[in-house]
Amino acid sequence: MAGRITYPWTSFRAFIEAIVKFENLPEVVNYSKFENEYNKTYAAQFSVMLRFLGFTDEQSKPTDLFIKFIAEKNNRSQLLADAMKRSYKDVFSQVSSTKEISNDLLEKVFTRHCSPGEHKKRAIGFFKMAAEYANIQIQTNNNENNPDEVQLQPKVTRPDMQLPALFEKIIEDMPILAREIPPIGEPWSQENRAKWIKLLEGAISYYYPRYQ
């Protein structure tokens, strides 16, 4: 491998929700296309993810893969699966079947591509959620005891204790939610209120990915 490739680590669900909003792709898809709805970290990471997966080229122009992904809604899982197998070749090249991809293997490979600690944990979480979306069966997909999955949710169990933990985490990851709320008593347009609720919905979907 020539050089070190840094694996993406921001919320996969937020990433997917952001890109499927495109109906007609602009000539360039970069940071500026996301900064109005997401914080700077998310907007920058979305651009990195698109390039990493081969959805955009070095000039941030949409590739044929991205164009097909937007146009072929029923084929998105397969298109993402193909993109993942190319982009995460250090993972897939080590197994004869995707079902052989284990937590131990992910730890080993991601250690070479991520900073230790929270960065690596989130990058592995991104991979697992992307694999689930792409219908790639791996050992960790349906393991309820998988610590990486458990850590996506608040560790507290009482509902009245879960809410503060949940909202603290949401504000930490998406500070734009706090910035966009006007002081109580001031006007808040229906359009801006609806946009805020949509952002909150996306954040909750990230922390409770299996909630139906």
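**Exercise 1. Determine the handedness with which α6 passes α7, and classify their relative orientation.**

Solution. Helix α6 crosses α7 in a right-handed sense, that is, the near helix is turned clockwise from the far one by less than a right angle. The model is predicted, with local features requiring pLDDT of at least 70, side-chain atom pairs pLDDT 80 or more, and totals for chains, interfaces and linings using all residues. Residues are numbered from 1 along each chain as its sequence is written, and side-chain values use heavy atoms, without hydrogens and water.

The axes of α6 (residues 103-113) and α7 (residues 118-133) come within 10 Å and cross at roughly 125°.

**Exercise 2. Locate the residues that touch the most other members of the largest nonpolar core.**

Solution. This core holds 49 residues, and Phe15, Phe34, Met84, Tyr88, Val91, Phe110 and Phe127 touch the most other members. Core members are buried (under 20% relative accessible area, 1.4 Å probe) and joined through side-chain atoms within 4.5 Å. The largest share, seven residues, comes from α7.

Next, consider Val91: leaving aside neighbours within four places in sequence, Val91 contacts Ile101, Leu105, Leu106, Val109, Phe110 and Phe127. A second, separate core of five residues includes Leu166, Ile170, Trp196 and Leu200.

Terms used. Axes are lines fitted to C-alpha atoms, for helices over the stretch in contact, and angles run from 0 to 180 degrees between N-to-C directions. Helices (H or I, at least four residues) and strands (E, at least two) are DSSP runs, numbered from the N terminus. Buried means under 20% relative accessible area, exposed over 50%, partly exposed in between (1.4 Å probe, protein chains only). Contact means heavy atoms within 4.5 Å.
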